[in-house]
Amino acid sequence: MKKIFLVEDDKTISKNLMLLLQSEGFAVSLASTQKEAVDMLAENRFDMALVDISLPDGNGFAVCTEIKQTQNIPVIFLTASGDEASVVTGLNMGADDYVTKPFRPRELIARIRAVLRKADCLPASFDRNGLSVDTASGVVKKNGKEVFLSALEYRLLLIFINNPENIITRDRLLDELWDAAGEFVNNNTLTVYIKRLREKIEDDPSRPQLILTVRGTGYRLGGSYVSE
């Protein structure tokens with residue numbers, strides 16, 4: 001049974017979440033403050049965490065940092081704010097996903113299961129053609145210099161990292177990005193994000209070596225790499 005650490009100060013939300021998660025077969029432990037969360041992390045082991053960004057004595061970013069330093073488990077942020085800055089801040093701190101309140105129960109469960117699946121197979125680190133990614137902390141570097149990606153750019157990169165030997169169709173990318181972003185991603189949007197990602201991680205975006213186009217099919221990861 002997977003153990004989920006819920007950090008949420010709203011009593012109504014936390015009660016409903018606990019009932020939902022338990023009905024899906026998860027064991028749930030609840031903390032309602034930053035201090036309580038830190039104390040519980042020192043005494044318990046979990047498989048993943050759901051963390052509210054706004055807490056009465058601090059914030060979820062600090063809790064996420066503590067989680068990644070002590071247990072390095074997946075983190076999904078629960079936030080009332082859908083702005084890009086908050087999302088990117090959380091992902092750059094190592095969060096694996098985010099859900100904006102109010103959220104749909106079935107969607108949340110799907111994201112939890114997806115994050116848990118990825119945690120079982122995603123390499124801890126990735127290094128290819130000067131691009132390095134620490135999937136635990138979410139830090140991306142190109143030739144030793146940190147690269148700042150948007151939420152969708154980072155998720156797009158993780159899809160390729162998680163499928164290093166496979167051709168990934170545009171339809172699959174659209175499905176995965178739509179699920180992760182919680183919003184509609186169309187073909188034109190995907191083309192724009194592929195272009196933006198190449199501009200940030202390729203030595204020469206006009207002649208990509210990392211994100212290769214497979215004409216008529218989709219894309220695949222190129223170059224030589226080391227992952228562990």
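**Figure 1. Three cavities of 30 Å³ or more sit in this predicted model**. A cavity here is a set of points on a 1 Å grid over the protein atoms alone where a 1.4 Å probe fits but cannot get out. Rolling a probe the size of a water molecule over the atoms shows where empty space is left. The largest cavity holds about 60 Å³. Its volume is the space filled by probe spheres set on the points, with grid points joined across faces, edges and corners. Ten residues line the largest cavity, and Ala95, Asp96, Thr135, Tyr154 and Leu158 are the closest to its centre. A lining residue has an atom within 4 Å of a point.

The model is predicted: local features need pLDDT of at least 70, side-chain atom pairs count only at pLDDT 80 or more, and totals for chains, interfaces and linings use all residues. Residues are numbered from 1 along each chain as its sequence is written, and side-chain values use heavy atoms, with hydrogens and water left out.

**Figure 2. Helix α6 and the lining of the largest cavity**. Helix α6 spans residues 151–161 and gives the most to this lining, with three residues. Helices (H or I, at least four residues) and strands (E, at least two) are DSSP runs, numbered from the N terminus. By class, the lining has five nonpolar, three polar and two charged residues. Ala, Val, Leu, Ile, Met, Phe, Trp, Tyr, Cys and Pro count as nonpolar; Asp, Glu, Lys and Arg count as charged; the others, Gly among them, count as polar.

**Figure 3. Helix α6 is largely enclosed by the rest of the structure**. Eleven of its eleven residues are buried. Buried means under 20% relative accessible area, exposed means over 50%, and partly exposed lies in between (1.4 Å probe, protein chains only). The buried residues of α6 include Glu153 and Arg155, along with Leu156, Leu157 and Phe160.

**Figure 4. The largest nonpolar core has 28 residues**. Such a core is a set of buried Ala, Val, Leu, Ile, Met, Phe, Trp, Tyr and Cys residues joined through side-chain atoms within 4.5 Å. Leu156, Leu157, Phe160 and Ile211 touch the most other members. The elements that give two or more residues to this core are β9 (131–134), α6, α7 (170–181), α8 (187–201) and β14 (218–221). The largest share, eight residues, comes from α6. A second, separate core of 23 residues includes Ala49, Ile73, Ala95 and Tyr98.

**Figure 5. Phe160 and its contacts**. Contact means heavy atoms within 4.5 Å. Leaving aside neighbours within four places in sequence, Phe160 is in contact with Ile168, Leu173, Ile194, Ile211, Tyr219, Arg220 and Leu221.

**Figure 6. Leu149 lies in the loop between β11 (145–147) and α6**. Leu149 is buried, at 6% relative accessible area. Beyond its neighbours within four places in sequence, Leu149 contacts Val88, Asn92, Val140, Tyr154, Leu157, Leu197 and Lys200. Leu149 and Gly138 are eleven residues apart in sequence, and their C-alpha atoms are 9.8 Å apart.

**Figure 7. Ile73 lies in the loop between α3 (60–70) and β6 (75–79)**. Ile73 is buried, with a relative accessible area of 6%. The second core includes Ile73. Setting aside neighbours within four places in sequence, Ile73 is in contact with Phe46, Asp47, Met48, Ala49, Ile67, Lys68 and Asp96. From Ile73 to Asp96 is 23 residues in sequence and 9.3 Å in space, C-alpha to C-alpha.

**Figure 8. Backbone details at Pro102, Asn129 and Asn143**. Most residues other than glycine have a negative phi, and most peptide bonds are trans. The peptide bond from Lys101 to Pro102 is cis, with omega near -10 degrees. Pro102 lies in the loop between β7 (97–100) and α5 (105–121). Asn129 has a positive phi, near 50 degrees. Asn129 is in the loop between β8 (125–128) and β9, and is partly exposed at 28% relative accessibility. Asn143 has a positive phi of about 55 degrees. Asn143 lies in the loop between β10 (139–142) and β11, and is exposed, with a relative accessible area of 56%.

Key
On a 1 Å grid over the protein atoms alone, a cavity is a set of points where a 1.4 Å probe fits but cannot get out, and a pocket is an open set with protein on both sides within 12 Å along at least five of seven lines; lining residues have an atom within 4 Å of a point.
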